[in-house]
Amino acid sequence: MKAPPAPPPEPLPRPAFDAHTHLDMLPGPVEAVLAAARAAGITRAVTVGCDAASSRWAAACAAEHAGVYAAVAIHPNETARAEPGAAREPGSDRDAVLAEIAALAALPQVRAVGETGLDYYRDHSPPDLQRDWFRAHVEIAKTAGKALMIHDRDAHDDVLDILAQQGAPEHVVFHCFSGDAEMAKRCADAGYVMSFAGNVTFPNAGPLRDAAVVAPAGLILVETDAPYLTPVPNRGKMNAPAQVAHTLRAVAEVKGIDVAEFCTTVMATGERVFGPWRDGALP
């Protein structure tokens, strides 16, 4: 049974943005989703690809909508399907897929390579294979001069080790940050940005809130990961970019920061990581 839509949140006092969403997975026209977000004070969004097809879609969506940026990559859980011999699009192989991601990453509306990284929680792709693809994505991000958007689940040490060994891009974002306060300190020491999703509002998420307290405000973003991880008070309902207003307020509260001030900080961090927002749609 499909989850009902979440009711709109109280509008934020200043503009903010959703640092990670999957607009292709949401029902209804993109224009309606973005309009609902704007009504809540969420004026921008980064829509994220997980395979070649959704990465193409994300780049096309960002080209059409001025308030949207794209991130492109092969998700760690999708890497086995992208290997030669796997069930995949006819004629595709690892090198061809990575070449397409690199070509998409070079587009002006694509501002991040992601989500890429490591997922040791699910057993969809062997760890060695995930690490190989992650290293390739790190190099694509560095070549394109774009931010690296990381999916890290139960793999903190290996993710940090690969970044140290490969040499990280200038901007690194840990999407849906899942570490504790110690992991937040390690990321902060390296200058990595931590993006908190709706699960930071869940009752059992004490370690995540401890991490948010430790993380410097200038290294924090907020996201929905919509349609997943709808924040309290709408958990169980369909997530959408508008709902990041709840997450932003929750993080501001645990950090003891004024909500309006935190909106300004988040927007400034977004511009530093992803570049200045466009005023008009690309042709």
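Entry 1, Arg-81. I found Arg-81 to be partly exposed, because its relative accessible area is 43%; buried means under 20%, exposed over 50%, and partly exposed in between, with a 1.4 Å probe and protein chains only. Arg-81 sits in the loop that runs between β3 (68-72) and α3. Helices (H or I, at least four residues) and strands (E, at least two) are DSSP runs, numbered from the N terminus. I also looked up Asp-51: Arg-81 and Asp-51 are 30 residues apart in sequence, and their C-alpha atoms are 9.5 Å apart in space.

The model is predicted, so local features need pLDDT of at least 70 and side-chain atom pairs count only at pLDDT 80 or more, while totals for chains, interfaces and linings use all residues. Residues are numbered from 1 along each chain as its sequence is written, and side-chain values use heavy atoms, with hydrogens and water left out.

I placed Gln-165 in helix α5 (residues 156-166). Gln-165 counts as exposed because its relative accessibility is 61%. Gln-165 and Arg-135 are 30 residues apart in sequence and 9.6 Å apart in space, C-alpha to C-alpha.

Which residues have the most contacts inside the largest nonpolar core? I noted Leu-163, Phe-174, Phe-177, Phe-196 and Phe-274, in a core of 86 residues. Helix α4 (residues 127-144) gives the largest share of this core, seven residues. A nonpolar core here is a set of buried Ala, Val, Leu, Ile, Met, Phe, Trp, Tyr and Cys residues joined through side-chain atoms within 4.5 Å. In soluble globular proteins, nonpolar side chains tend to be buried together.

I then listed the neighbours of Phe-177, leaving out residues up to four places away in sequence: Phe-177 touches Met-183, Ala-184, Cys-187, Met-194, Ser-195, Phe-196, Leu-208 and Ala-211. Contact means heavy atoms within 4.5 Å.

Helix α3 (residues 94-105) and α4 pack at an angle of about 30°, and their axes are 10 Å apart. α3 is therefore roughly parallel to α4. Axes are lines fitted to C-alpha atoms, for helices over the stretch in contact, and angles run from 0 to 180 degrees between N-to-C directions. Angles under 35 degrees count as roughly parallel, over 145 as roughly antiparallel, 65 to 115 as roughly perpendicular and the rest as oblique.

I read the crossing of α3 past α4 as right-handed. A crossing is right-handed if the near helix is turned clockwise from the far one by less than a right angle, and left-handed if anticlockwise. On the α3 side the contact has Arg-94, Val-97, Leu-98, Ile-101, Ala-102 and Ala-105, and they meet Asp-132, Trp-133, Ala-136, His-137, Ile-140 and Ala-144 in α4. By class, the contact of α3 with α4 has nine nonpolar, one polar and two charged residues. Ala, Val, Leu, Ile, Met, Phe, Trp, Tyr, Cys and Pro count as nonpolar, Asp, Glu, Lys and Arg as charged, and the others, Gly among them, as polar.

Not counting residues up to four places away in sequence, His-137 touches Ala-73, Ile-74, Leu-98, Ile-101, Val-113, Thr-116 and Leu-148.

Helix α8 (residues 244-255) and helix α9 (residues 259-274) pack at about 110°, with axes 9 Å apart. The two helices, α8 and α9, are therefore roughly perpendicular to each other. I noted Leu-248, Arg-249, Val-251 and Ala-252 of α8 in contact with Val-259, Phe-262, Cys-263 and Val-266 of α9.

Most residues other than glycine have a negative phi, and most peptide bonds are trans. The peptide bond from Gly-114 to Glu-115 is cis, with omega near 15°, and Glu-115 is found in strand β4 (residues 110-119). The bond from Val-232 to Pro-233 is also cis, with omega near 20°. Asp-225 is not a glycine, yet I found a positive phi of about 55° there. Asp-225 counts as buried because its relative accessibility is 10%.
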